[in-house]
Amino acid sequence: RTARVLTTLLDDLIALARLESGREQRRVAPFDAVTAVRDVYDTFVATAAQRGLRFTWSAPERLPVQGDAVKVARIAQNLIVNALKY
């Protein structure tokens, strides 16, 4: 799990560098936002429990959207990491 989180953080740094250089591209396609965010939640639920935090999930069964699934997952991950940190 830690390796996966570190890999994601490195990917985020690379994406930031691309964004700043004007080379970042979006891949807009249909996806289920619930699935994307649920995967991020599943990654951090154990970390929250270890820190004595209650980390709950409530969402509709599906939420079909158009967008960049990878970037949505990164945003969710960054929000959760910040919440756990502070």
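## Gln77, a buried residue

Gln77 has a relative accessibility of 6% and therefore counts as buried; buried means under 20% relative accessible area, exposed means over 50%, and partly exposed lies in between, with a 1.4 Å probe and protein chains only. The place of Gln77 is in helix H3. Helices (H or I, at least four residues) and strands (E, at least two) are DSSP runs, numbered from the N terminus.

Which residues does Gln77 touch, leaving aside its neighbours within four places in sequence? Gln77 is in contact with Val5, Thr8, Val40 and Phe44, where contact means heavy atoms within 4.5 Å.

## The model and its numbering

This is a predicted model, in which local features need pLDDT of at least 70 and side-chain atom pairs count only at pLDDT 80 or more, while totals for chains, interfaces and linings use all residues. Residues are numbered from 1 along each chain as its sequence is written, and side-chain values use heavy atoms, with hydrogens and water left out.

## The chain as a whole

The chain has three helices and two strands. Starting at the N terminus, these elements come in the order α-β-α-β-α. Taken along the principal axes, the C-alpha atoms fill a box of roughly 40 × 30 × 20 Å.

The chain has 86 residues, and 23% of them count as buried. Its accessible surface is about 6,500 Å², and carbon and sulfur atoms account for 56% of that surface; the areas come from the Shrake-Rupley method with a 1.4 Å probe, and for residues only the protein chains shown count as cover. Of the contacts between residues at least 6 apart in sequence, 86% join residues at least 24 apart.

## Helix H1

Helix H1 covers residues 2-21, and at 1.5 Å a residue these 20 residues should span 28 Å; the end C-alpha atoms are 29 Å apart, which agrees. The expected span is 1.5 Å times one less than the number of residues in the helix.

Thr8, Asp12 and Ala15 are buried in H1. Seen down the axis of H1, the buried residues fall within an arc of 65 degrees, so they line one face of the helix; the arc is that of the directions from the helix axis to the C-beta atoms. An α-helix has 3.6 residues a turn, so residues three or four places apart point the same way. The buried residues of H1 pack against helix H3 (69-85). On the other side of H1, the exposed residues are Thr2, Ala3, Leu10, Leu13 and Glu20. Gly22 follows H1 and has a positive phi, near 80 degrees.

Ile14 is also in helix H1. With 42% relative accessibility, Ile14 counts as partly exposed. Ile14 and Ala83 are 69 residues apart along the chain, and their C-alpha atoms are separated by 23 Å.

## Helix H3

The 17 residues of H3 should span 24 Å at 1.5 Å a residue, and the end C-alpha atoms are 24 Å apart, which agrees. Which residues of H3 are buried? They are Arg74, Ala76, Gln77, Ile80 and Leu84. Seen down the axis of H3, the buried residues lie within an arc of 165 degrees, so they line one face of the helix. The cover over these buried residues includes H1 and H2. Ile75, Leu79, Ala83 and Lys85 are exposed on the face turned away from the buried side.

Val70 also has its place in helix H3. Val70 is partly exposed, with a relative accessible area of 49%. Val70 and Arg27 are 43 residues apart in sequence, and 8.4 Å lies between their C-alpha atoms.

Asp39 lies in helix H2 and is partly exposed, at a relative accessible area of 46%. From Asp39 to Ala76 there are 37 residues in sequence and 9.8 Å in space, C-alpha to C-alpha.

Arg51 is in the loop between helix H2 (33-50) and strand E2 (64-67). Apart from neighbours within four places in sequence, Arg51 is in contact with Leu84 and Lys85. Arg51 and Leu84 are 33 residues apart in sequence, and their C-alpha atoms are 8.3 Å apart in space.
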